[in-house]
Amino acid sequence: MASVVATDQVRAGVELALRGRKADVRGLLFRMLLVLTLLLSLLVLVVLLATTLVQAWPVLTERGLDFVTSNTSSLASRAGVRQGVLGSFILIAFVVAVALPLGIGAAVYLQEYARDTRLNRLLIANIRNLAGVPSVVYGILGLVVFVQALRPITGNAASGRSYIAGGLTLSVLVMPILILIVMEALRAVPKSVREAAYGVGATRWEVVRSHVLPYAAPGMFTGVILSLARAFGETAPLLLVGAVTGYLSTPGGRNLFEILQGQYTALPTQVFSWTRLPGEEWSANVAAAIVVLLVAILAVNLVAILLRNRYERKW
């Protein structure tokens, strides 16, 4: 490591000597500016987290797990986030089951199998544009397609506002981002890996399955992490496709399909609902719910992070 640092210093000294200057003042100022922007961003993040934690501390200390295991209520002292947490995890399960296979499969096809034609370039350009579309637009799409057009499938006869509609809407929302990140991960695989596999007689599928995908796995898991984090924190699409923002009753005696076709809520929509209620108690509940949301996002992403680190060590 010391030899590498010394080599870099020698190279930098040679470059400065060739330029005829003793110090790169502009480069130093630019580096200081970058460090300053990084420190400012971290300062804003620390201030926000500290403010939220201080405001949520009374609720977290006084109620503890009761806040996490209690259902919604009209009383701030009894309201909890149990239904929101369960709803968010069910919606994330939809994203994992729908968006990940379709997104990764589409990325593998576009990068490894599709020819470089005008139609495919146009398709990729449209995917890039879709990745930048505001989430509320996907909410409108979900309302028209999944709630109204597919009402017999996504919900009961009275309404199509259900877990199925919300999960499919979030899946469509994160799919362009996932496709682009997975394509970049596949593009970063050296050509020598593919050429070596082809040289020993492997087919294209064997090359992709046994060499390209394992090599690109860390980058692909990064895309999974970003996709799940965005899906977990989205609010506007869920509001448009019918997430409940007030009191939600959960009758028992229903099978899994009836639950998925029934009314639902999520943790971000609960936070949005509580922010509109007056009183210091509700403000403390909002801060506590935000803390729970952050912990839940970290818990969801922990598995993907561990898998990514495992493949990084392997390669």
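This is a predicted model: local features need pLDDT of at least 70, side-chain atom pairs count only at pLDDT 80 or more; totals for chains, interfaces and linings use all residues.

Student: Which residues of helix 9 are buried?

Tutor: V193, R194 and A197 are buried in helix 9, which spans residues 191-199. Viewed down the helix axis, these buried residues fall within an arc of 95°, so they line one face of the helix.

Student: Why do residues three or four places apart point the same way in an α-helix?

Tutor: The general idea is that an α-helix has 3.6 residues a turn, so residues at that spacing point the same way.

Student: What covers the buried residues of helix 9?

Tutor: The cover includes helix 4, helix 8 (163-187) and helix 10. After helix 9 comes G201, which has a positive phi, near 90°.

Student: How many helices and strands does the protein chain have?

Tutor: The count is 14 helices and zero strands. Written as a pattern along the sequence, the chain is therefore a run of α elements, α-α-α-α-α-α-α-α-α-α-α-α-α-α.

Student: And how does one read packing for the chain as a whole?

Tutor: Begin with burial, for which the cut-off is under 20% relative accessible area. Of the 315 residues in the protein chain, 38% count as buried. Then take the contacts between residues at least 6 apart in sequence: 75% of them join residues at least 24 apart. The accessible surface comes to about 18200 Å², and 67% of that belongs to carbon and sulfur atoms.

Student: Is S135 buried or exposed?

Tutor: S135 has a relative accessible area of 15%, which is under the 20% cut-off, so S135 is buried. The residue lies in helix 6, residues 135-149. Leaving out residues up to four places away in sequence, S135 touches L173, R230, E234, A236 and P237.

Student: Where is L75 placed?

Tutor: L75 sits in the loop between helix 3 (65-69) and helix 4. At 43% relative accessibility, L75 also counts as partly exposed. L75 and W282 are 207 residues apart in sequence, yet 9.0 Å apart from C-alpha to C-alpha.

Student: How should I read a cavity?

Tutor: Ask for its volume, then its lining, then the elements that supply the lining. The count is one cavity of 30 Å³ or more, and the largest cavity has a volume of about 30 Å³.

Student: Which residues line the largest cavity?

Tutor: The lining consists of S88, L91, I92, L170, A231, F232, E234, L238, A266 and P268. By class, these divide into eight nonpolar, one polar and one charged. Helix 4 (82-113) and helix 10 (204-233) each supply at least two lining residues, and helix 4 gives the largest share, three residues.

Note on methods
Residues are numbered from 1 along each chain as its sequence is written. Side-chain values use heavy atoms; hydrogens and water are left out. On a 1 Å grid over the protein atoms alone, a cavity is a set of points where a 1.4 Å probe fits but cannot get out, and a pocket is an open set with protein on both sides within 12 Å along at least five of seven lines; lining residues have an atom within 4 Å of a point. Grid points are joined across faces, edges and corners, and a volume is the space filled by probe spheres set on the points. Helices (H or I, at least four residues) and strands (E, at least two) are DSSP runs, numbered from the N terminus. Ala, Val, Leu, Ile, Met, Phe, Trp, Tyr, Cys and Pro count as nonpolar, Asp, Glu, Lys and Arg as charged, and the others, Gly among them, as polar. Buried means under 20% relative accessible area, exposed over 50%, partly exposed in between (1.4 Å probe, protein chains only). Contact means heavy atoms within 4.5 Å. Accessible areas come from the Shrake-Rupley method with a 1.4 Å probe; for residues, only the protein chains shown count as cover. The arc is that of the directions from the helix axis to the C-beta atoms.
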